[in-house]
Structures are given as structure tokens and as C-alpha cells.
Amino acid sequence: MRQYLLSVIEPSEGEPPSPQEMAAIDADVAAFNQGLRDAGVWVFSGGLFPPAAATVLRPKDDGVLLSDGPFIEGKEHLGGFCVIAVEDLDEALEWAGKAMRATRLPIEVRPFR
């Protein structure tokens, strides 16, 4: 089995979903996550706080420079992820399609080395 990272790409700007839309998305994401578990492919998953909650560490001389906020500003950011263990990329892409439909957001798929 290979492991793949399915990254949820959220918009950094614009209106968030309404409470009713968010309730439907939450229900669909919960069903997606249960589907991963039921299929035995779930390894780990989680949602992330917005980029403003990030702290970035950078090398500086012989020390470390800490800064608040994201490493780069962008129109999109990583909003959550899941790690799955499946036979191949085709199977990972099938799960990514289900994640895309559940979240209503773009999903990036990357294999682990």
C-alpha cells in the first residue's frame, strides 16, 4: 500500500458558506471520513485553523527567526488534509473525488516518498 496526502484547498478571500451550507458540508465530510474508515484506507485526517494562526520558523544565522502568519500570502491556503493508504494513484484519485464533492473545494493529491 502507498500513502497519499489529500489536501483541502480553501479560498483565503470571499464569503464563507452560510450556516445551512456549512451544516451540509460538515455532514458530507463526516460521511466521507466514515467511508475512509469503513474501507480501511484512513490513516489520519484533520482540519486546520486559518493561516493567521500559523507560526513560521526560519533559519537566521545560527538561530531561529519566528514570525506570525503564513509563510506566503495567497488566494488559497491549506484548510485540512487526510492521509490514506491505497493500492495506487487511481484509487487515491477516486477518494480525492469523493473528498472534493464532500468539501466542495479543490483537493490536491500527493504520494508520500
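**Briefing on the predicted model**

M100 is located in helix 2, which runs over residues 89–103. The model described here is a predicted one.

- Residues up to four places away in sequence being left out, M100 touches L105 and I107.
- From C-alpha to C-alpha, M100 and S67 stand 32 Å apart in space, and 33 residues separate them in sequence.

**Helix 1 and its surroundings**

- Helix 1 covers residues 19–39 and has 21 residues.
- From its first C-alpha to its last, helix 1 reaches 30 Å, close to the 30 Å expected at 1.5 Å a residue.
- The residues I25, F32, N33 and L36 of helix 1 are buried.
- The exposed residues P19, Q20, A31 and D38 are carried on the face of helix 1 that is turned away from its buried side.
- The cover over the buried residues of helix 1 includes strand 1, strand 2 (42–47), strand 5 (76–86) and helix 2.
- After helix 1 comes G40, which has a positive phi near 75 degrees.

**S7 in strand 1**

- S7 has its place in strand 1, which is formed by residues 2–11.
- S7 counts as buried because its relative accessibility is 6%, and the class of buried residues lies under 20%.
- Apart from neighbours within four places in sequence, S7 is in contact with L78, G80, F81, P106, I107 and E108.

- Most residues other than glycine have a negative phi.
- D61, a residue other than glycine, has a positive phi near 55 degrees.
- The loop between strand 3 (55–60) and strand 4 (63–68) contains D61, and this residue is exposed at a relative accessible area of 75%.
- R104 is not a glycine either, yet its phi is positive at about 65 degrees.
- The loop that holds R104 lies between helix 2 and strand 6 (107–111).

**Salt bridges**

- Side chains of opposite charge can pair when their charged atoms come close.
- There are 2 salt bridges in the structure.
- One of them joins R104 to D28, with the closest N and O atoms 2.9 Å apart.
- This pair links distant parts of the chain, since R104 is in the loop between helix 2 and strand 6 while D28 is in helix 1, 76 residues apart.
- R104 is partly exposed at a relative accessible area of 44%, and D28 is partly exposed at 33%.
- A salt bridge also forms between the side chains of R110 and E108, at 2.7 Å from N to O.
- E108 is partly exposed, with a relative accessible area of 32%, and is among the residues in contact with S7.

**A nonpolar surface patch**

- W42, V43 and F44 make a nonpolar surface patch of about 250 Å².
- F44 belongs to strand 2 and is partly exposed, with a relative accessible area of 45%.

Methods. Residues are numbered from 1 along each chain as its sequence is written. This is a predicted model: local features need pLDDT of at least 70, side-chain atom pairs count only at pLDDT 80 or more; totals for chains, interfaces and linings use all residues. Side-chain values use heavy atoms; hydrogens and water are left out. Helices (H or I, at least four residues) and strands (E, at least two) are DSSP runs, numbered from the N terminus. Contact means heavy atoms within 4.5 Å. Buried means under 20% relative accessible area, exposed over 50%, partly exposed in between (1.4 Å probe, protein chains only). The expected span of a helix is 1.5 Å times one less than its number of residues. Patches are made of residues with over 30% relative accessible area and no salt bridge: like charges are joined within 9 Å, nonpolar side chains (Val, Leu, Ile, Met, Phe, Trp, Tyr) within 5 Å. Accessible areas come from the Shrake-Rupley method with a 1.4 Å probe; for residues, only the protein chains shown count as cover. A salt bridge is a side-chain nitrogen of Lys or Arg within 4 Å of a carboxyl oxygen of Asp or Glu.
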